[in-house]
Amino acid sequence: MTDRAAETPIRLLIADDHPVVRDGLTSMFASAPGFEVLGEAADGAAAVRLAQRLRPDVILMDLRMPGMDGLAAITELARLGVTARVLVLTTYDTDTDVLPAIEAGATGYLLKDSPREDLLRGARAAARGESVLSPSVAARLMNRVRTPAPQLLSQRELEVLGLVAAGITNREAAARLFITEATVKSHLLNIYAKLGVGDRAAAVTEAFNRGLLVPRSSGQS
């Protein structure tokens with residue numbers, strides 16, 4: 001079977017705010033077999049516009065750019081239904097950079113200091129829809145998976161919210177938990193803040209949506 005590189009070149013769009021980086025990437029990919037660089041963008045807004053017009057297969061996206069940054073651009077591309085694969089290419093591999101980019105829809109995440117062959121291989125894999133991660137990013141994600149996430153609500157807050165979900169008043173909840181009514185209200189305020197809601201009904205709904213509370217079956221008392 002004929003390799004895709006020998007048939008149709010992978011069409012690239014390069015988005016980075018540093019001209020030297022753009023020039024280097026353009027030169028590298030343009031000289032490699034199986035690639036065609038369609039255009040360059042200096043910020044996320046330009047990347048979105050060019051992606052809509054040029055319809056590349058893969059977008060090499062920097063994250064930290066002026067104006068619309070890479071994360072916002074990835075989010076906007078997904079909202080617009082742009083089918084191009086986004087391969088993040090950046091110098092940052094912290095949780096605050098990696099996880100939001102992947103959650104926003106990035107196909108892969110590579111560091112700019114990756115070897116040339118890794119970048120070429122990553123772009124080819126991204127064009128096929130395969131996930132691409134630099135070793136440090138893969139290790140970070142593995143550690144994140146293996147480390148239990150901190151519990152959003154404390155056990156006492158879950159008890160209070162469970163009673164609220166059952167239609168119990170603050171006074172009744174205080175009596176059942178052997179605490180004061182003021183303490184119940186304090187727990188509720190903490191719950192609202194943690195869940196980003198403003199009242200009891202919204203707190204209960206959000207807790208069910210997040211799986212913090214489990215609906216009681218009809219057989220339960």
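Helices and strands here are DSSP runs, numbered from the N terminus. The structure shown in these close-ups is a predicted model.

**View 1. Strand β1 and its neighbour β2.** Let's start with β1, which spans residues 10–15. Five of its six residues are buried, so the rest of the structure largely encloses this strand. β1 and β2 (residues 35–41) run parallel and are joined by six bridges. Look for Ile14, whose bridge partner in β2 is Glu40. To get from β1 to β2, the chain passes through helix α2 (residues 19–30), making a right-handed β-α-β crossover.

**View 2. Strand β1 beside β3.** Here β1 is shown with strand β3 (residues 58–61); the two run parallel, with four bridges between them. Leu13 has Ile59 of β3 as its bridge partner.

**View 3. Helix α3 and its packing.** Helix α3 covers residues 44–54, and its buried residues are Gly44, Ala46, Ala47, Val48, Leu50 and Ala51. These buried residues pack against β1, β2, β3 and α4 (70–80). As a handy reminder, an α-helix has 3.6 residues a turn, so residues three or four places apart point the same way.

**View 4. The two ends of α3.** At the start of the helix, a side-chain oxygen of Asp43 comes to within 3.1 Å of the backbone nitrogen of Ala45. After α3 comes Arg55, which has a positive phi, near 55°.

**View 5. Ser114 in its loop.** You will find Ser114 in the loop between β5 (108–111) and α6 (116–127). Its relative accessibility is 14%, so Ser114 counts as buried, the cut-off being under 20%. The Ser114 side chain reaches the backbone oxygen of Leu111 at 2.7 Å.

Terms used
Residues numbered from 1 in each chain as written. Predicted model: local features only at pLDDT ≥ 70, side-chain atom pairs only at ≥ 80, totals over all residues. Heavy atoms only, no water. Buried < 20%, exposed > 50% of the residue type's maximum accessible area, 1.4 Å probe, protein only. Pairing = 2+ DSSP bridges. Right-handed = clockwise from strand over helix to strand, strands pointing away. Polar contact = N/O pair within 3.5 Å; in protein donor to acceptor, adjacent residues only side chain to side chain. Contact = heavy atoms within 4.5 Å.
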